[in-house]
Amino acid sequence: MYAIVDIAGQQFKVEQGRKIFVHRLQANEGADLEFDKVMLIEKDGNVSVGSPLIEGARVAATVVSHLKGDKVIVFKKKRRKTYQKWNGHRQQFSQILIQGILGKGETLSAKTETKKSAPRKKKAESEESN
């Protein structure tokens, strides 16, 4: 299951449990966020496309950390004019963890519940039956 979501003016393909880097968000580390600009959701081969957004769909995420990207050097030069200019820049990023992709009317607690499997037989019980 994945979704295409607009976060801070850029589109990202997100999946549950993945960490992504986005432009710096105005939220503290550990804060829970929801993004409601969902443009596409794919679930079990069924694709829902919004026009332009899917109504009621949202993506739940948690801010993991804030950090800086690699340094980018900007160098400008005009030959024979003795003009050279150096400039450096480090972009601010936020790392977020995608908690879940929620459709209309769904809650995060219902999505995170795990299916309980049948109880396993103990090793001693399985040997006795042989």
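Apart from neighbours within four places in sequence, Val14 is in contact (heavy atoms within 4.5 Å) with Met1, Tyr2, Ala3, Val5, Ile20, Val59, Ile98 and Ile101. The model is predicted: local features need pLDDT of at least 70, side-chain atom pairs count only at pLDDT 80 or more, and totals for chains, interfaces and linings use all residues. Residues are numbered from 1 along each chain as its sequence is written, and side-chain values use heavy atoms, with hydrogens and water left out.

Val14 is also among the residues with the most contacts inside the largest nonpolar core, together with Ile7, Ile20, Val38 and Ile96; this core has 20 residues. A nonpolar core is a set of buried Ala, Val, Leu, Ile, Met, Phe, Trp, Tyr and Cys residues joined through side-chain atoms within 4.5 Å. At least two core residues come from each of β1 (2–7), β2 (10–15), β3 (19–23), β5 (38–43), β7 (58–78) and β8. Strands are DSSP runs of E with at least two residues, numbered from the N terminus.

Strand β8 (residues 83–102) contains Ser94. Ser94 counts as buried because its relative accessible area is 0%, the limit being under 20% with a 1.4 Å probe and protein chains only. The side chains of Ser94 and His66 are joined by a polar contact of 2.8 Å. Beyond its neighbours within four places in sequence, Ser94 is in contact with residues including Phe21, His23, Leu25 and Ser65.

Trp86 also lies in strand β8. Trp86 counts as exposed because its relative accessibility is 61%, and exposed means over 50%.

Key. Helix = DSSP H or I, 4+ residues; strand = E, 2+ residues; numbered from the N terminus. Polar contact = N/O pair within 3.5 Å; in protein donor to acceptor, adjacent residues only side chain to side chain.
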